[in-house]
Amino acid sequence: MTINLPATDVTDEKPARVKTAAGFEIAVFRHGEEYFAVANRCPHQGASLAEGHCDGEDVVCPMHRFKYDPRSGRCRFPKHLRLRVFPITKTGDTLAIDDSMAPDPAAGQHG
Ligand code: FES
């Protein structure tokens with residue numbers, strides 16, 4: 001499946017949050033002309049990453065300030081934490097997120 005949203009919904013200062021049909025939340029970030037889509041739930045203690053911000057390309061969790069590489073999903077430190085990442089493309093003024101690999105929260109999958 002694909003989630004579409006207007007590119008104007010995401011700015012460098014303000015991430016967006018979208019949900020899959022199953023209810024899994026994805027945070028969308030912009031850094032310059034690049035867009036990133038990652039699981040919204042921080043794997044540390046569950047904070048909403050869409051409430052955070054970017055530091056350069058890194059996604060910064062609002063709760064304990066852990067930083068994640070939005071391309072690989074890897075936490076800068078501690079390195080064992082990892083976010084699920086989703087392919088995102090921009091065509092014209094529309095962003096398209098491929099959420100086919102999103103887990104189903106109703107089945108107890110949150111990562
Ligand atoms: S909940 Fe995200 S760093 Fe702790």
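**Overall build**

Mentor: Read from the N terminus on, the elements of the chain follow the order β-β-β-β-β-β-β-β-β-β. This is a predicted model, in which local features need pLDDT of at least 70 and side-chain atom pairs count only at pLDDT 80 or more, while totals for chains, interfaces and linings use all residues. Residues are numbered from 1 along each chain as its sequence is written.

Trainee: How many helices and how many strands does the chain have?

Mentor: Both kinds of element are DSSP runs numbered from the N terminus, with helices being H or I of at least four residues and strands being E of at least two. On that basis, the chain has 0 helices and 10 strands.

Trainee: What radius of gyration does the chain have, and what would a compact globule have?

Mentor: The radius is taken over C-alpha atoms, and the globule rule is 2.2 Å times the number of residues to the power 0.38. For 111 residues the rule gives a value near 13 Å, and the chain agrees with it, having 13 Å.

Trainee: Which residue in S8 does Ala37 stand opposite?

Mentor: Strand S4 (residues 34–39) runs antiparallel to S8 and is joined to S8 by 2 bridges. Within S8, the residue opposite Ala37 is Phe86.

Trainee: Which residues outside its sequence neighbourhood is Ile97 in contact with?

Mentor: A contact requires C-beta atoms, placed from the backbone, to lie within 7 Å. Leaving aside neighbours within four places in sequence, the contacts of Ile97 are Thr2, Ile3, Val18, Ile26, Ala37, Phe86 and Ile88.

**A loop residue**

Trainee: Is Lys14 buried or exposed?

Mentor: Lys14 is found in the loop between strand S1 (2–6) and S2. A residue is buried with 20 or more other C-beta atoms within 10 Å of its own, exposed with 12 or fewer, and partly exposed in between, the C-beta atoms being placed from the backbone. Lys14 has 11 other C-beta atoms within 10 Å, so Lys14 is exposed.

Conventions: Pairing = 2+ DSSP bridges. Contact = placed C-beta atoms within 7 Å.
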